[in-house]
Structures are given as structure tokens and as C-alpha cells.
Amino acid sequence: MNQALSPPIRPEYDRPLPPFVEAPVARALPLTTRLWQQGWLRRGLILLAMALLWEGLARWQDNDLLLPGFGATLSALVDGLATGEILERTRISLTVLAQGYALGVLLAFGLTSLAVSTQLGRDLLSTLTAMFNPLPAIALLPLALLWFGLGQGSLIFVLVHAVLWPLALNTYAGFQAVPDSLRMTGRNYGLEGLAYVGQILVPAALPAILSGLKIGWAFAWRTLIAAELVFGASSGRGGLGWYIFQNRNELYTDRVFAGLLLVIAIGLVVETVVFASLERVTVRRWGQVR
């Protein structure tokens, strides 16, 4: 009567389920959808459409002096590459661009490092950017010619001006957006000065820094071409802008468009290869941007 009642034990068993074969578990996307997901294909189609539109407008205009077709421009570009003339002009321009861009980047990082470290640096950055950022770099070219003469020094001066201010503003804005938790982490580890900037602020603000680098590159590239168009050769050696200007004077419009096409092509390569690769191995890999 007083025997404890034990709960019933439910028997255990495994019931194997038959495989689900009525429909595919993972359905493959159609070929057109897979192709459309490729970014290079979409960009290529856009470029192809623009080339066809260009060729159609040129045929409708029917005046090679005003608007040569895409085929004629491509032929002139191939001829310039075959003779080596346009390659040498491009090498001269890119050499000057690399020097001015590198110097502008170094000055921008130095100025922003000073701005995040001291109040005087912040006041200096805000004052200088308010004064010089709205000033077009090409407007300083007459002064650069007076100070540095007709040479690479003048070009490098205007390139530094074109790169320095947008990059400094973007970098400083990125530093200001760094969360306080990361800042406190760096302080707790005893980081100060350049170590604090390099190990805490720069990695956290890298998306803004990369945006500033891209903006500075675009400003520098178009400033260099414009400067070469204005005063031509540098120390007896003309760059890509001078190539465009010289052929415009000689009414070789197809070569003018070939030079412009190469300017655009270099911009596309730098944007889609150099900066895209840098973003892929840094901010996209770290999950800082989508």
C-alpha cells in the first residue's frame, strides 16, 4: 500500500525519415541571374552602351573634326601606344602625380595627427581648411610658376594643395567618429601620441580615410591634367595633358579624344583595381562597410 509509485517509462525509438526527393532542396539560380550578379559584367555593359552611343552620335554628326567616332579614337589610341609617344607622356604625368600625391598624403596625416592631439592643432586644421579648401588648386598655378618656375615643382605644389585639404577633412571626420570605447581602450593600454593614432584611430577611421584618399586622387589627377593644359610642358617634357593640348592645336581631334580616353581609363583602373582591392582586404574584410 505504501509502495512508491514510479512514473511510467516511455519507450524510446528512432524513426528514420525517408529522403525528401519531391523537389530540390537548393535550387540553382538561372544563368542570366548568376551573370547579372557579376559586377564586372554590369559595368562592362554600361561602358559598351556608352561606346555605342558615342559611335552613333559621331555617325549622326558626320564630322570627324568635331566628334570622331569611338572606332577612330580607339585607332588613334592604338597608334599612340604602338609608337610609344602616349606611353611616355603618361609615364611623365604619373611620375609627377605620384610625387605630389605622396607628399600631400604625408602632410594630411601629419596635420590631422596634430589636430587630434592638441587644441592648437584642431584650431589650425579648421582655420586652414576653411581658408584653402574652397580655393581651386589651378588658381594657385600663377603663384607656383613665380615661386618654383616652369618645372615639376610647380605641378607638385598644386597637386599637394589638391590632395591635402580633402584628405585632412575626411581623416579628421573619421577620427572624430571613433567610439569612446575604443578611445578608452587605447588610453587604458597607455597609448599616446603617434602610437595612439596609428593603433586606435587609423584602423577605426579607415573607411573615412579611404574615401579621402579616393577624393584626393581624383582631385590630383584632374588638377595635373588641367595644369599641363594651361602651361604645357614641364622642364621640356610634356605629360598627358600637354599631349592633348598639342594635338588640339594641330587639329588632330581623334588624338585629343584618345588622350581623354586614356585619362578616363587610368581613373577607372585606379578606382576599380587599386582602391577596390585595398577596400576588399581591409574594411570589407573587417566588416566595417557592407
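This is a predicted model. Three helices, namely helix 2 (39-61), helix 3 (70-83) and helix 12 (253-281), each supply at least two residues of the lining of the largest pocket. Helix 12 gives the most to this lining, with six residues. The pocket holds about 350 Å³ of space. Around the space of the largest pocket stand L47, M50, A51, W54, F70, L74, F257, L260, L261, I264, A265 and L268. What classes do the residues of this lining divide into? The lining has twelve nonpolar residues, no polar ones and no charged ones.

Two packed helices are described by the angle between their axes and the distance between the axes. For helix 3 and helix 12 the angle is about 80°, and the axes lie 8 Å apart. An angle from 65 to 115 degrees counts as roughly perpendicular, so helix 3 is roughly perpendicular to helix 12. On the side of helix 3, the contact is made by F70, A72, T73, L74, A76 and L77, while helix 12 brings D254, R255, F257, A258, L261 and L262. Sorted by class, this contact of helix 3 with helix 12 has nine nonpolar, one polar and two charged residues. F70, L74, F257 and L261 take part in this contact, and these four residues are also among those that line the largest pocket.

A second pair to find is helix 8 (residues 180-188) and helix 9 (residues 193-204), whose axes come within 10 Å and cross at roughly 165°. Angles over 145 degrees count as roughly antiparallel, which means that helix 8 is roughly antiparallel to helix 9. The crossing of helix 8 past helix 9 is right-handed. Helix 8 makes the contact with L182, R183, G186 and R187, and helix 9 with Y196, I200, L201 and A204. In this contact there are five nonpolar residues, one polar residue and two charged residues.

The last pair is helix 4 (residues 85-117) and helix 7 (residues 152-176). Their axes are 7 Å apart and the packing angle is about 35°. Helix 4, too, passes its partner, helix 7, in a right-handed crossing. How many residues of each class does the contact of helix 4 with helix 7 have? This contact has 22 nonpolar and six polar residues, and no charged residues.

Methods: Residues are numbered from 1 along each chain as its sequence is written. This is a predicted model: local features need pLDDT of at least 70, side-chain atom pairs count only at pLDDT 80 or more; totals for chains, interfaces and linings use all residues. Side-chain values use heavy atoms; hydrogens and water are left out. Axes are lines fitted to C-alpha atoms, for helices over the stretch in contact, and angles run from 0 to 180 degrees between N-to-C directions. Helices (H or I, at least four residues) and strands (E, at least two) are DSSP runs, numbered from the N terminus. Angles under 35 degrees count as roughly parallel, over 145 as roughly antiparallel, 65 to 115 as roughly perpendicular and the rest as oblique. A crossing is left-handed if the near helix is turned anticlockwise from the far one by less than a right angle, and right-handed if clockwise. Contact means heavy atoms within 4.5 Å. Ala, Val, Leu, Ile, Met, Phe, Trp, Tyr, Cys and Pro count as nonpolar, Asp, Glu, Lys and Arg as charged, and the others, Gly among them, as polar. On a 1 Å grid over the protein atoms alone, a cavity is a set of points where a 1.4 Å probe fits but cannot get out, and a pocket is an open set with protein on both sides within 12 Å along at least five of seven lines; lining residues have an atom within 4 Å of a point. Grid points are joined across faces, edges and corners, and a volume is the space filled by probe spheres set on the points.
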